[in-house]
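Please walk through this structure with the sequence and the 3D view side by side. The paragraphs below take it part by part.

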Amino acid sequence: MTDQSTPLAPRQRISPVSRVAEIVTSSPVVLIASIILLVVVLTALFAPWLVPHDPVRLTPSVRLKPPSETYWLGTDAYGRDLFSRILMGGRVSLVVGVAAAIFAVFFGLILGLFAGYIRWIDAVLMRMVDGLMAIPSILLAIAIVSLWGATIWTVLIAITIPEVPRVVRLVRSLVLSAREEPYVEAAIAAGSSTALIMRRHLVPNTIAPLIIQGTYICASAILTEAILSFLGAGINPSTPSWGNIMAEGRIYFQINPGIVLWPGLVVSVAILSINLLGDAVRDALDPRMAKRGIER
Amino acid sequence: MSNGLLDIRNLRIALNGNKDQQVVKGLNLSIEPGQTMCLVGESGSGKSLSALATMGLLPPVLSPIAGSIKLKGEELLGASPARMRELRATSMSMIFQEPMTALNPVARVGQQIEEVLEFHTNLSQSARRKRVMEMMEGVHLPDVEKMYRSFPHQLSGGQRQRIMIAMALVMGPQLLIADEPTTALDVTTQAQILSLIRELREQQGTAVLFITHDMGVVSEIADDVTVLKLGEVMETQNVENLLRHPQTDYTRQLLQAVPSHVPRMARAEGSKEIVLSTDKLCKTYGGGGIFTRAREVKAAQDVSIKLMKGRTLGIVGESGSGKSTVARCIMRLIDPTSGSIMVGGSDIATLKQRELKPQRKKIQIVFQDPMRSLNPRIEVGQSIIEGPLNFGVPRAKAMARARELLELVGLPASAIDRFPHQFSGGQRQRIAIARALAMEPDVLVADEAVSALDVSVQAQVLELLAELQQRLGLGILFITHDLGVAAQICDEVIVMQYGRVVEYGPAAQVLGAPQEDYTKALISAAPGRDWDFANFRPFSEAPLAP
């Protein structure tokens, strides 16, 4: 009784490259955001070769100069070239942003998987997570940095830790619903181990939301790093970052407002671009959002 | 014929306005006041879309590209949104399949009915309230004062559907569109709702456009029937004529696929080998909270069953009867509270996960929902071989076996590297069966395995199960709410209610000559039980008493 009356649908596979291309070109705004982000990343990556001046060399003779042909965005209170500093500062900000996103997603995924799948861990872990979330994240970050001193690693840890609970909650909720799916029950009935069920059936369900969450964490980490530097709890002032450039320029705002405004503008534009891209990825990966778009 | 209350002429609905992607292809339909027109078809036939087009509620990607829909002579296609809103409130209304999602969960049901009156009439508050109370009494809700103040979750499914009907009819519309209004309900509740719709139609002279996939329901409620297939009208006939003398092959096939409520001939006793048995199986939820005494729910109580090799044991019952709880306990997807489960000579009820693993091989399950029972992200071949790999079968051998199994369940072996979304519901259910068989089990648990399928596909899958049983000597535990399906596939039947076994015996006896009142009530509520659809006549006219 072979049932050949209903032919199989044709094979179809979408390559990851064309999928990315599809997301990027989904709207002009997203395209612009992608281009801006690409420029920011490339300039930060190649900053040591692109900077017109040494970003840390003090030149007291040219303090607080307005923008000119030699100093494109002017100079700061120690006569350092602002443009070069912003270019170099992007390196710290982007590294912190990307690394915080990766670490937060990684640890959040592991903890969330266990919390969602194993009942007794859930009760204990989620109360700890609740406790962690009750502390304002900037406050927690400042506490951690002042405890261990300001290096790029402690700043990174200080920014990552407050982000982890959010990821844990997200992953846990996804796992809680995925574990009720009949295909997971079928895998249990087939004698699959917990590790195999997590790897094959649960983790793939969390990937799309995690990519999206990751972009938001990245944006918020860049902002948090800037805030920490601005408050003086960030990494060593000798290494330029968008936050500490602004912090140092604050006192000279009336003489040369550019020292605060230019890095501020770059931070805003970079975060806006990341968030826009995150929204685009969410729309592309979440079928419910796409549907809502149609019904609108 | 053209002066009906609702007149649909040559209606064509297309995806993105594209002529080549028509989902409704030239629908003609006419309903007189006080008449019930049934729109019948399998999934994808365009029956719901036609109703939504009438209500002006089509999703934007779909649009009518030709034809006309006239209500009392007024053209609805192209009417302004404001006018459509007005008409939806006063002249036509619609009820849906799932009353829980159609009601606002955070508003009291009485107020939800009253809201309609508030927007579309000038009645005073007390007059509105009085009208709502009358309406709620009209749909036979008990204790309307209390009901008025209830929230949707405090009502049963049948009560919620009554509220929806009250809401739909409160403005006294001339046309009621009912889109599978009883599909999500239990059979006894379904019978009550059907008789309510019939009664209201007679009292108020409302015309009813009733959408369903269930021929049993059609035979109960329709005056006229329009059969749709993939957007095309197959035929329109008086219900009696349609059931006796279907004009097209498609209708004939559709009717022949309807499982009859008369149990099939008993099969000769086969093997005496017991492959699965339970003794006094109990599952209790809740109870024993730390601060409060949570209410105990006895989902299954003292369930004792015996399944022989090569036989099929059916468990039937309404929702909440505990039939799925029993299946999940037997699969050890949940832990039973007490009692024993004997699979192939060992009691698995209390085994720890590690000791349980070798026993898992012997008993496999097929679930209800074909869309969710396969992991959408991995190829079906990977799903099939997951079990065998867990038991140490080499990958190449498991893959070769998976190809054989796909052919065994009626799919080409080349389907092995495709993803679940590339298959239809029936095909996916075949793959789920192949996955279960890959473990070479002694027992197959089918938990509502054909309930989500169209009736013609359902018939094919049932046939497949019967064939596999004969070839492999499987014992099948078949869980269903559909007495017709149970009558056609089961050797023995258990009827469950509130977690208890009400009646247990050979299918012919339980379904043919039930002893218990509850079984009798279930059977008499089943829609279309008097019709022998496959032979195009009522059972009363059958040449020999069955």
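**Domains, a sheet and annotated segments**

In chain B, the domain assignment gives domain 1 as residues 6-257, and domain 2 as 307-327 + 353-490 + 501-534. The model is predicted. Between the C-alpha centres of domain 1 of chain B and domain 2 of chain B the distance is 33 Å. The two domains do touch: 21 residues of domain 1 of chain B are in contact with 16 residues of domain 2 of chain B. On the domain 1 side of chain B, helix H8 (187-204), helix H9 (215-221) and helix H11 (249-257) each supply at least two of the residues that touch domain 2 of chain B. By residue class, the side of domain 1 of chain B that touches domain 2 of chain B has nine nonpolar, eight polar and four charged residues.

Next comes a sheet in chain B. Four strands form an open sheet in the order S12-S11-S14-S15 (chain B), and their pairing is antiparallel. S12 and strand S15 (346-347) of chain B are the edge strands; each has a single partner strand, so one side of each is left without a neighbour in the sheet. In general, strands of a sheet pair through backbone hydrogen bonds, either parallel or antiparallel. S11(B) and S12(B) run antiparallel and are joined by eight bridges. Within this part of the sheet, Thr284(B) stands opposite Lys298(B) in S12(B). Helix H12 (residues 323-330) of chain B lies across S11, S12 and strand S14 (338-343) of chain B, and runs at about 115° to S11(B).

The loop between strand S11 (274-285) and strand S12 (297-308) of chain B contains Glu296(B). Is Glu296(B) buried or exposed? Glu296(B) has 12 other C-beta atoms within 10 Å, and a residue counts as exposed at 12 or fewer, so Glu296(B) is exposed. Glu296(B) and Glu235(B) are 61 residues apart in sequence, and their C-alpha atoms are 53 Å apart in space.

Chain A carries a record-based annotation. An unreviewed UniProt entry gives "transmembrane region" for residues 29-51, 92-118, 138-162, 210-235 and 255-278 of chain A. Two of these segments can be set beside the model. Residues 92-118 of chain A are 96% helix and 0% strand, with the end C-alpha atoms 38 Å apart. For residues 138-162 of chain A the values are 88% helix and 0% strand, and here the end C-alpha atoms are 8 Å apart.

Conventions:
Residues numbered from 1 in each chain as written. Chains lettered and ligands numbered in written order. Predicted model: local features only at pLDDT ≥ 70, side-chain atom pairs only at ≥ 80, totals over all residues. Domains from an automatic or database assignment. Contact = placed C-beta atoms within 7 Å. Nonpolar A, V, L, I, M, F, W, Y, C, P; charged D, E, K, R; others polar. Buried ≥ 20, exposed ≤ 12 C-beta atoms within 10 Å, placed from the backbone. UniProt positions renumbered as here; feature names shortened; annotations may be inferred. Pairing = 2+ DSSP bridges. Axes fitted to C-alpha atoms, helices over the stretch in contact; angles between N-to-C directions.
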